[in-house]
Every structure is written in structure tokens, then in C-alpha cells.
Amino acid sequence: MESNFELVKITKTITDMLDDHILVCNTEGKIVFANRIMQARLGYQEAELEHKSFWDIVEDRHGDKAKAFIASAAEPSGWERFLLKGKQGIVSLHLKFLLKEEYIYIYGNEKYIEYERIRKKLDVEIANAVKIHKRTLPERLPDTEQISFASLYIPAEELGGDIFDAFRVDHGLLNDYFEQYVCYIADVSGHGLDSAMLAIFVKDTINSFFRLKHIPGQMLSPQEIVDFFVEHYLKEGYPEEYLVCLFMVVFDLKTKELTYCNAGFHICPLLIKDEEHIIELNNGGLPVSTGIHPDLLKYGDSCHHLSPNMTLFIMSDGLPEQQSESGLYQERLKKLITEIYCLKPTQIVEEIHKDFTSFLSYEKIRDDITLVAVKLS
């Protein structure tokens with residue numbers, strides 16, 4: 001067994017290594033110990049503090065507050081700011097008090113207080129960002145006699161890096177001659193605050209295309225929308241490590257055509273006519289990134305004829321690439337899709353969500369889950 005003297009030396013060494021300001025007094029307030037960081041903060045040598053009382057170093061206007069904290073210090077108190085009389089002037093410290101047996105333990109950690117301040121500020125910013133991101137997601141998707149959409153969206157964290165939308169294109173006075181629907185999913189690398197803000201930029205830029213570039217009655221090309229986004233993305237100069245994958249599709253119910261453009265989606269959307277006609281829409285280019293030469297960010301349109309009861313499944317990679325004890329969800333999802341594609345989109349999404357939850361068991365979602373199901377009547 002170590003001697004009491006050795007244990008005291010070890011205890012003092014440990015307390016001197018900590019970032020905490022530590023002061024120990026007896027119940028009458030006489031200072032019996034102050035670690036080096038507390039000595040340095042107050043500007044006193046150890047020998048000088050040994051002749052002082054805690055009440056000697058508490059700024060007068062905080063004396064009553066200190067007495068109240070000590071009186072209730074049988075349980076550790078919360079952090080409270082106190083002004084102390086340092087050798088060179090007034091010192092501000094956030095302190096806690098603990099009364100144990102015949103000693104009062106007074107301690108504080110300004111680094112922790114600053115960390116708490118930053119964390120709370122960040123929590124508020126993230127909560128606001130979550131609200132903003134949620135508002136960018138569509139409240140409802142088109143559901144008509146001819147075409148209907150439904151979605152499944154589960155962010156991996158509070159903030160997601162995926163964004164999606166579907167809407168009828170407004171042709172103004174020419175609406176009677178056109179019936180076109182746009183649907184897209186964007187998958188931004190990561191799923192934190194920066195990814196969520198970038199996802200919002202994606203949606204705002206696509207909305208800008210329809211405000212600034214689209215002319216009612218003009219042929220609508222998914223490639224033109226994607227090119228518009230790439231142009232503005234490169235102008236913004238986002239860091240090279242950011243990637244945006246964007247799948248854009250236009251349904252033209254008058255011409256009976258589906259036209260799509262794929263910028264970086266390696267999980268190909270599935271177009272199902274019937275059990276024997278399942279098509280992967282796989283004409284994909286590179287993801288959008290400032291780290292890729294602009295000459296390589298060239299995309300094209302691909303077309304398919306629309307047929308009755310045709311169903312389209314568009315998804316980000318989070319859903320098929322989710323893992324559990326039984327492996328990846330991809331093969332199970334493909335099998336499920338061939339069994340439920342005849343249902344209405346809302347029913348399809350419900351069945352996939354239920355099956356995915358069962359597949360997950362207790363596994364954590366690793367990436368944002370986004371799925372849009374589209375069905376022609």
C-alpha cells in the first residue's frame with residue numbers, strides 16, 4: 001500500500017494535470033488546496049492562498065450568492081458565473097460547488113463552458129436547418145387519374161443530404177395543350193448540415209430554371225435542366241470533395257413519352273411494364289463536382305414510350321445499399337418490387353417501408369433513404 005503522503009502527491013499531480021480550476025476549502029471557508037490552473041488564473045502562489053479564505057477572494061456582490069450555493073451543495077450544483085478577486089484584478093469563472101464531509105469542493109472548466117455554448121448554438125442552428133430542409137420537401141405529390149406519385153424519405157441523421165420533388169409543369173395559357181410532369185431525386189454526398197444546405201441549393205436552382213429559362217409551350221428537356229444546374233453549381237465553386245447525383249425525368253402525357261437524364265446515379269431506376277418487361281434506366285454520366293473537368297459533365301436525354309399501368313421506381317443508393325445481418329437490401333427490394341408494382345404508389349411505398357423496417361431489425365440507417373414511385377393509370 002502506498003503511504004498517505006505518496007497518495008497526496010499523486011492526487012496533487014493528477015489535479016495539476018487537469019484543465020479544471022479546483023479549489024478546496026473547509027466548512028469555514030479556509031482554503032486548503034488550489035491546483036496550479038486555479039493558482040495561475042487567480043495570480044496567487046500556493047503559499048499565498050494558504051493564508052486566505054474563500055470569502056477573501058469572492059467579489060463582494062457575489063458573496064451572498066456563494067453562501068447560498070454552498071448551503072445547498074450537498075448535491076453538485078449547476079454551473080454559475082462568479083467574480084473572484086485575483087491578484088491582478090477581477091477574474092470571471094463558471095463554478096460548481098460540492099459539500100462533502102468537512103470540505104467544500106469548488107471547481108470549474110471554462111473550456112467546457114465554451115464547448116457547451118458552442119454546442120447549444122450549433123443545436124439551434126441544426127434545428128433551424130432541419131426545419132428549412134423539411135420545408136423544401138414536397139408536402140404532397142401529384143395524384144391524378146392519369147398519373148400518381150408517392151415517396152418514402154428517411155434521413156440517416158437529423159439532417160439529410162437527399163432532396164426530391166414532383167410537380168406538373170406550368171405552361172400558363174397553353175396548359176390545355178400540355179400535360180407534363182417533372183420528377184427528380186438528388187443525392188448529395190454526406191448527410192450533415194453542409195449536405196442539407198447543398199441539397200436545398202439543388203432544389204432552388206431547379207426552381208430557378210422554371211422561373212428564368214422555361215418558356216410555356218417550349219419542348220422540355222431533362223438534360224437542359226441538368227445542364228442549367230451544372231452551370232450554376234460550377235459558378236458557386238463548391239469544394240471538390242462534394243458530389244451531387246441527380247436523376248431528372250419528364251413525363252409527357254400528351255406525347256406518351258418518358259424522357260430522363262441521369263447525372264451520377266449508379267442505382268438505376270426501374271421501369272416496369274409487366275413481370276417480363278423490367279427496364280433499368282442506366283444511361284448515367286458522372287456525378288456533378290467541381291473536382292471533375294467541366295468537359296466531362298456532359299449529359300444526354302433518353303426516351304421510353306409510356307404505356308398503361310407502367311410503374312417507375314427512382315431511389316437514392318441508401319435504400320438498396322443498406323446492410324443488415326442478412327446482407328444488402330438490394331436483392332430483397334428487387335424481388336419485392338416485382339410483387340407489388342401493380343399496387344397504387346401509396347400502397348407500394350407502405351409495403352416497401354414495412355419490409356425495409358423488418359429487414360433493418362436493430363441496424364442503424366447508414367445513409368438517407370429516398371424513394372419515389374410513379375404509376376400511370
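Hi everyone, thanks for coming. Please keep in mind throughout that we are looking at a prediction.

Let me start with the overall layout. The protein is split into two parts, domain 1 covering 1-109 and domain 2 covering 132-376. If you take the centres over C-alpha atoms, domain 1 and domain 2 are 60 Å apart.

Now to the sheet. Five strands form an open sheet, and if you walk across it you meet β6, β18, β15, β11 and β12 in that order, with antiparallel pairing. At the edges sit β6 (147-154) and β12 (277-280), each of which pairs on one side only. Going from one strand to the next, the twist averages 15°.

How many bridges join β6 to β18? There are eight, and the two strands, with β18 spanning residues 369-376, run antiparallel. As one example from this pairing, I147 has L376 in β18 as its bridge partner.

Last stop, the surface. Here L122, I132, L193 and M197 together make a nonpolar patch of about 300 Å². Two helices, α6 (110-136) and α7 (193-212), are the elements that each give two or more residues to this patch.

Let me pick out one of those residues, L193, which lies in helix α7.

Terms used. Residues numbered from 1 in each chain as written. Predicted model: local features only at pLDDT ≥ 70, side-chain atom pairs only at ≥ 80, totals over all residues. Heavy atoms only, no water. Patch = residues over 30% accessible without salt bridge, like charges linked within 9 Å, V, L, I, M, F, W, Y side chains within 5 Å. Areas by Shrake-Rupley, 256 points an atom, 1.4 Å probe, with all protein chains shown as cover. Salt bridge = Lys/Arg side-chain N within 4 Å of Asp/Glu carboxyl O. Helix = DSSP H or I, 4+ residues; strand = E, 2+ residues; numbered from the N terminus. Domains from an automatic or database assignment. Pairing = 2+ DSSP bridges. Axes fitted to C-alpha atoms, helices over the stretch in contact; angles between N-to-C directions.
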